Every structure is written in C-alpha cells, then in structure tokens.
Amino acid sequence: MAEPLWTVGEIAKAIGGETYQDGATAVTGVSIDTRTLQPAECFVAIKGVSLDGHKFVPAAFEAGAACAIVDRDYEDDDPRLIRVGDPFEALQDLGRAARARATKTKIIAVTGSAGKTGTKEALRLALAPSGSVHASAKSYNNHWGVPLTLANMRKDTAFGVFEAGMNHAGELTPLSRMIRPHIAIITTIAPVHLGHFASVEEIADAKAEIFQGLEPGGVAILNRDNEFFGRLATAAKAKDAKIVSFGEAEGSDIRLLDVSLTPEGSAVEADLSGTKLSYRLGAPGRHLVQNSLAVLAAAQAAGADLKEAAAALLQWRAQAGRGEWQVFEGARGKVAVVDEAYNANPASMRAALETLGLVPRDVYCRRIVVLGDMLELGEGAEEFHRGLAQFIDAAGIDSVFACGELMPALIDALPDGKKGGYASAAGELTPLVLDAVRPGDIVMVKGSFGAKLAPLVTELKRHLEDGALN
Ligand SMILES: Nc1ncnc2c1ncn2[C@@H]1O[C@H](COP(=O)(O)OP(=O)(O)O)[C@@H](O)[C@H]1O
Ligand SMILES: [Mg+2]
C-alpha cells in the first residue's frame, strides 16, 4: 500500500497538538468541510464568519474522519480529537510542514488580475505527462485555500501548482511565504477590486508580493505586453529572481509568433527562448493564448517535457462560469450559451467580448450578450461600464441585455438598435432574455459573482432544453 498522506502522529507533531490515539493511524486527506469529507481524512474545525467548524465535529466523525483538529476548549473526550490553541493556525502550520517536507517538488504559484484558475488548470494538464501534479481545487486561493491545498500535498509530488489571490494589499505576502514557490506567474495586471486600491499601480505592487516567498534562484514569469511589466520586473529583481517574459512584444523570452483564433480554440506558434513550438488550445480566445505562453514558460522552468506540455493544451477547456460553451439543438435550429457568470472585470469582459466576436456568422447569425455589473471598481465604475460600448461594437454584438445599478451607464452609450432590455436585478431580466432568444443565436452571459447571473444561465439552459427549439 502507498504511504498515507500523513499519520495522526505526524499531524500532531506538525501543529504542536495533543492527541490520545495511535500515532500510526493513516490520514488520507485534510478537510474543512464535512459535506465533502472522505473516510480517514483529518477534519479541521475552523471558525468562519457565520459558522463555527466545531459544530460539525460529530458529523466529521460520522463521515469517518480519522481525526479532528479542535480548539482546546471544545467539550468532548473523543480520542480522535487533536487539541490546539487555534485550529486555523494549525492548518497553516500543517501547510508549512507539508511544504517543508516536499523537498523534491517543483512549486509554482499563479496570481494575476484574471486567468489564475484557468492557468492553474492548464498547468495541471501541461505538467501531468512529466510527473505527478498536485494543484489547488477550484479557486482555493486565499488564507485558508492555500494552506488547505498545501496540507493535502503528498511529499513525493513532482509538481505543486498553487493559485494565490488577493483583494487587499498585504494579503499575498503571507501566502507566498507559505507556498515558497520556485516559479511565480503573474498572468496580467488589470483594474480589479479597484475599490480597495487607489490606483492600478497599487494593484501591481500588491501582486508583486507573490515574489516575497520566492525561493533563492527562483523564476518570475511576467507578461511583457502588460503596461506594468517594468514595475513587476523591478520587484522581482529585488528578490533576485530570474525574469522570464512572455507575450507578443519584441524581446519576450516566450514570444507569440503567430496565432489563428477560432471559436473552438486556437492554433499557436511560439518561440520559447529559441525553441520553436506549434500547438493547439482546446478553448477559444486570445487571452487564453497569452496565458498558455505563461504555462509553457513555467513548464520549461520546472524542467517538464515541453513538447508533451504543449500537446496537452489541446485538452484545455473553459470551465463553467469562465467561458464554458454549451450548444442546444432542436428541430428549429441551435443556440449556443457561453457561461461567463462566475466573474467579470474590464479585462475579462473585453476578452470575452473579443472571443464572441470570433464566432462565424454562418453558424450563429446573432450575437447576444447578457451583462451584469462589474463590482468593486471604485469611483471609476461607471466609466468602466460605459467603456464596454466600444468592445461591444468591435465584436459585432447585436443585442445587449443588462442588469444592475451600474449597467445603465453602458446602456446609455449603446445605439438604440443594440438595446435588448434592462432590469435592476438578474431575476427580472431572465424572462426578457428567454423571450428574445431564438434559433441561430449565441448568448454570452457575464457579470461579477455578486451580480447573480448563474441562476439566469441555469434557467436559460433549462428553457432551451425544454423544447424552446422545437
Ligand atoms: N489574461 C487574461 N486577460 C483577461 N481575461 C482573462 C485572462 N485570462 C482569463 N481571463 C478571463 O477571466 C475570467 C476569470 O478566469 P479565471 O481563470 O477564473 O481567473 P481568476 O482565477 O483569476 O479569477 C474568465 O472569464 C476568463 O476567460
Ligand atoms: Mg480563481
């Protein structure tokens, strides 16, 4: 049998906890959620904003937890409890211990204003042919997501890929010091969460905190096409990083030579520090082509097989909420739904609109977008919304439906012929959209998470499945 992820004794030692069960007991995973906890995992009782994990300790044992890390004051005498001063700090300690013992693992951290999760998933694909890969689940990129991902990393993993995110200055530094990456990627810098920052420069500086935990001799992978490249490079150099730049700009170490964009994906030719590479991406959009350059830069820096890494990118798929396509067909024709409902900011809105603009008219004759507010943009929010009009025009969008407090700024800037409909909330917009959609349409739905467009996507899909096309 393979060695377990941890033993109870190893966990207790790593977190300085007291335990009364056999230290040799195997632990197969670390969990903070009893709804997904598997038998033989370790449950960590964390106090969240609204819920206290200690309430779920009995449920964890019912689900077969091997042990549970709890506060010293927790009243129960189950021998499977491991008691500590603060379970949340214990999770971080366990994460640090996991990182410390992974002495042969190449560690990659991914941050940026957009594309972190997609790039992380692409790295999972690209590195797999060269060795075992451990990567963050979903978007587990914050103060609990990072240590949880670390705590679940096996010590013999060949590659560890960590998404790291932030909403405020100062958040990435402790995450980076926990991850201690050999390679750090910043996908791009764009106005996101501007509400918490005075300027985009400040955002760039906050992202550059990813270099704080970089290992000696580490590599910084930076987007040369981004206006903050110089600023980020200076920050990386201050940490003695080797800089590998990617992009279309002349002088990029990983340079895009040629690209053919289609709605199904892209064919790319790139020069990787002197090695020419042709490959295909299984998901559409110029923004993903950019991200793919960073992925291959990291694969090269991590010593992975480059040809196999590039070939694996054909498997790249946009995920639910992040550009996933679904096509519905009936007797009267077909409709495509592009689900971008998970989040939105000016950069990803532009990328999604440009991608929609690639769809051939002979397949889908009408381009509809359903847009929700881009949140957390601070004082310039209205201007950012108004500014979408030029990308809507450039992408040949035929009809715009919108909801939210900020979207009227955009609607006002649109020609009358493109005004599809407006409602203050997504729920009220839904019937207008269902009523308008007809065979031959492609419908892209995008907004910030808080704009609550995901239920609209679900209803639209149900409507199309339930005979709207027959
Ligand atoms: N380099 C990029 N520039 C602009 N938008 C991007 C980029 N990469 C991805 N996106 C878009 O950003 C959105 C979020 O992607 P995701 O990978 O989930 O990023 P994150 O984890 O940073 O939130 C998606 O709509 C995606 O298509
Ligand atoms: Mg993410």
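Buried means under 20% relative accessible area, exposed over 50%, and partly exposed in between (1.4 Å probe, protein chains only). Thr-117 is buried at 8%. This is a predicted model: local features need pLDDT of at least 70, side-chain atom pairs count only at pLDDT 80 or more, and totals for chains, interfaces and linings use all residues. Residues are numbered from 1 along each chain as written, chains are lettered from A and ligands numbered from 1 in written order, and side-chain values use heavy atoms, without hydrogens or water.

**Aromatic pairs**
- The whole structure holds 3 aromatic pairs.
- Rings of Phe, Tyr and Trp (its six-membered ring) pair if their centres lie within 6.5 Å; planes under 30 degrees apart are stacked, over 60 edge-to-face, the rest tilted.
- Tyr-140 and Trp-144 pair edge-to-face, with centres 5.1 Å apart and planes at 65°.
- Trp-325 and Tyr-364 also pair edge-to-face, at 6.4 Å and 65°.
- Trp-325 is partly exposed at 27%, whereas Tyr-364 is buried at 4%.

**Charges over rings**
- A charge sits over a ring if NZ of Lys or CZ of Arg is within 6 Å of the ring centre and within 35 degrees of the ring normal.
- Arg-80 lies over the face of Phe-61, 4.0 Å from the ring centre.
- Arg-322 sits over the ring of Tyr-342, 4.1 Å from its centre.
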